Each structure stands twice: as structure tokens, then as C-alpha cells.
Amino acid sequence: MLNDAAVHSVQPYQARKAYVCPGCDSWIEPGVGHVVVVPRLAPDLRRHWHRGCWFKDQRRRHGSAVPG
Ligand SMILES: [Zn+2]
């Protein structure tokens, strides 16, 4: 349940490693601000996403108020 996840902002100065973004399968380079998503029931499954990819994915999944 992605609704049941904590989303944390990672500031550029906090990003010290490269991660693969599950939204676009590209690297998030060190020094790039992004978000970290931590499922409340499975904190080990935290994933790092580009900010834009996360919000796009949320819109697709939940069909929220934002059109298009
Ligand atoms: Zn991405």
C-alpha cells in the first residue's frame, strides 16, 4: 500500500550515493535532491525516487484531483 508510506525529501547536500529510480529506471546521481519513500509496514523496502517521477506515479496510481 503506497498510501501507507512515509515520503521524505532528500536535499541535494544529503544525497551522497547514487540510486536507481523505480519510476524511470535511471540513476539519481549524488548531489541531486529527490524523495525517499518508506513503507510504514516494511521500512526495509525504502526506495529513492526522482521527485517528478514519484508525483507522476502517484497521479497515475490514485487518479487524484490533478487532471491529465
Ligand atoms: Zn526517475
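**Note on the predicted model**

1. Val20 has 13 C-beta neighbours inside 10 Å and therefore counts as partly exposed, in a model that is predicted. The partly exposed class lies between the limit for exposed residues, 12 or fewer such neighbours, and that for buried residues, 20 or more. Val20 belongs to strand 2. Beyond the neighbours within four places in sequence, the contacts of Val20 are with Asp25 and Trp27. A separation of 7.1 Å lies between the C-alpha atoms of Val20 and His48, although 28 residues part them along the chain.

2. Asp25, one of the contacts of Val20, sits in the loop between strand 2 and strand 3 (27-28). Asp25 has 8 other C-beta atoms within 10 Å and is therefore exposed. The backbone of this residue deserves a comment. Most residues other than glycine have a negative phi. Asp25, by contrast, is a residue other than glycine with a positive phi, near 60 degrees.

3. Ala18 is placed in the loop that links strand 1 (5-10) with strand 2 (19-20). Is Ala18 buried or exposed? With 12 other C-beta atoms within 10 Å, Ala18 is exposed, because that class takes in residues with 12 or fewer. Once neighbours within four places in sequence are set aside, Ala18 is in contact with Trp27, Ile28, Glu29 and Pro30. For Glu29, 11 residues away along the chain, the C-alpha separation from Ala18 is 4.7 Å.

4. The protein chain has 68 residues, of which 10% count as buried. Of the contacts between residues at least 6 apart in sequence, 46% join residues at least 24 apart.

5. Which strands form the open sheet, and in what order? Three strands take part, in the order 1-4-5, with antiparallel pairing. Strand 1 and strand 5 (47-49) are at the edges with a single partner strand each, so one side of each has no neighbour in the sheet. From one strand to the next, the twist averages 25 degrees.

6. The pairing can be followed residue by residue. Strand 1 and strand 4 (residues 34-39) run antiparallel and are joined by six bridges. Within this pairing, Ser9 has Val35 of strand 4 as its bridge partner, and His8 has Val36. Strand 4 and strand 5, also antiparallel, are joined by three bridges. Here Val35 stands opposite Trp49 in strand 5. Val35 is therefore placed between two partners, Ser9 and Trp49, in keeping with the pairing of strands by at least two bridges.

7. Helix 1 (residues 51-62) contains 12 residues and spans 17 Å from first to last C-alpha, close to the 16 Å expected at 1.5 Å a residue. The residue that follows helix 1 is Gly63, with a positive phi near 45 degrees.

8. How does the helix relate to the strands already described? Six bridges join strand 1 to strand 4. Helix 1 packs on the sheet, where it touches strand 4 and strand 5, and its direction makes about 50 degrees with that of strand 4.

Methods:
Residues are numbered from 1 along each chain as its sequence is written. This is a predicted model: local features need pLDDT of at least 70, side-chain atom pairs count only at pLDDT 80 or more; totals for chains, interfaces and linings use all residues. Helices (H or I, at least four residues) and strands (E, at least two) are DSSP runs, numbered from the N terminus. Two residues are in contact if their C-beta atoms, placed from the backbone, lie within 7 Å. The expected span of a helix is 1.5 Å times one less than its number of residues. Axes are lines fitted to C-alpha atoms, for helices over the stretch in contact, and angles run from 0 to 180 degrees between N-to-C directions.
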